[in-house]
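The exercises below concern pairs of oppositely charged side chains. Each task is followed by a worked solution.

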Amino acid sequence: MLLIALYAFLGAAAAGLLGALALRALRHRSVTVSLAVVAAVSVTAMLAGTLAVARAMFLSAHDLTVVTTVCAMAAVVSLATALVLGRWVVARSADLTRAARSFGEGGTFAAPGGGATAELDALSRELAATSARLAESRERERALDASRRELVAWISHDLRTPLAGLRAMSEALEDGVAEDPARYHRQIGAEVDRLNTMVGDLFELSRIHAGALPLRPSRMSVYDLVDEALAGAGPLAREQGVKLVGEGDGDGDGVAAVPVEVDGKEMTRVLGNLLVNAIRRTPPDGTVAVAARREADAVVVSVTDGCGGIPEEDLPRVFETGWRGSAARTRPGGAGLGLAIVRGIVEAHAGRASVHNVPGGCRFEVTLPAAGP
């Protein structure tokens with residue numbers, strides 16, 4: 001029996017080796033060919049082992065004929081099954097290829113109907129998920145392109161207007177027709193400051209988008225940030241007749257005293273931008289409230305104004321570059337960069353910026369990770 005097993009193994013091994021060489025030579029052909037080779041190798045291995053045993057005289061001529069006939073029938077059935085299975089797999093693969101081609105041409109991926117193998121089914125699901133992610137990416141890209149076009153248009157207008165005024169005033173001064181040269185000089189200085197601020201905002205935004213914003217984080221309390229921002233916005237609030245209120249910063253062990261690891265200069269700019277926007281959008285005798293609170297491992301600083309609220313359809317666009325809202329909320333000369341800068345700086349600190357409406361106005365919130373003990 002051991003000798004029979006050895007002869008059978010040698011014959012089958014020879015057939016298997018030939019089949020492996022055939023599969024290697026045909027590895028770039030259709031899966032139908034590979035399946036046919038596998039089926040042929042299986043039957044040939046059994047037949048080769050049988051012939052090897054018969055040649056060693058372990059099998060009678062009649063038994064050899066019977067076994068050979070059985071192997072031949074098995075070969076016919078096996079090859080037919082392999083061809084049918086191969087054609088079915090090839091058809092499903094072709095359907096998947098056509099679906100993937102339309103997906104690659106900018107469309108959406110729709111999984112082909114009908115049954116498929118587990119591997120092809122998993123590939124279809126992965127392609128569908130990738131298609132959904134790419135669709136979201138294309139939508140974000142279109143929104144960014146539209147935002148950039150609006151920004152270029154607005155910046156062009158905002159730069160053209162003060163430049164035209166500066167040219168007119170300089171020509172009036174040069175021709176000696178200015179009735180009050182001192183007033184012209186003051187106005188020229190104000191316009192130059194405005195242009196300088198706009199260019200500075202553009203430079204800051206470009207660094208944020210390029211991921212090149214330099215941060216020098218240090219440990220400080222939220223109280224210091226809120227206090228500094230309130231002090232900086234105080235003169236504008238008094239000029240506009242708006243009351244500034246700081247909440248949550250009265251007790252030494254309260255929320256506002258929780259330390260955070262932030263760049264003090266950049267975060268002061270964030271709160272300053274939010275306060276300036278809130279003061280300018282709040283009517284005289286209104287109130288702008290700054291508050292801080294602890295939420296799990298984060299600190300939330302909020303600025304609440306009395307602007308009357310933002311339309312719900314505009315809330316998702318508030319932090320987009322160039323967004324300035326409705327005409328009723330837009331301050332002349334604003335370039336729509338302040339809130340985009342706010343979001344960029346906050347996200348650079350691993351935080352997030354959000355906005356939602358409250359009775360009588362809206363509330364901007366900046367969420368920052370709390371510093372460790």
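**Exercise 1.** Determine whether Glu 139 is buried or exposed, or in between, and identify its salt-bridge partner.

*Solution.* Step 1: Glu 139 has a relative accessible area of 48%, which makes it partly exposed (buried is under 20%, exposed over 50%, partly exposed in between; 1.4 Å probe, protein chains only). Step 2: its side chain meets that of Arg 142 in a salt bridge at 2.8 Å, N to O; the term denotes a side-chain nitrogen of Lys or Arg within 4 Å of a carboxyl oxygen of Asp or Glu. Step 3: both residues belong to helix α4 (residues 118-175), three residues apart, about one turn of the helix; helices are DSSP runs (H or I, at least four residues) and strands likewise (E, at least two), numbered from the N terminus.

The model is predicted: local features need pLDDT of at least 70 and side-chain atom pairs pLDDT 80 or more, while totals for chains, interfaces and linings use all residues. Residues are numbered from 1 along each chain as its sequence is written, and side-chain values use heavy atoms, without hydrogens and water.

**Exercise 2.** Locate the elements that hold Arg 293 and Glu 365, and describe their pairing.

*Solution.* Step 1: Arg 293 forms a salt bridge with Glu 365, the closest N and O atoms being 3.2 Å apart. Step 2: Arg 293 lies in strand β4 (residues 287-295) and Glu 365 in strand β7 (residues 361-369), so the pair ties together parts 72 residues apart in sequence. Step 3: Glu 365 is buried at 12% relative accessibility, whereas Arg 293 is partly exposed at 30%. Step 4: through shared partners, salt bridges join Arg 293, Glu 295 and Glu 365 into one network.
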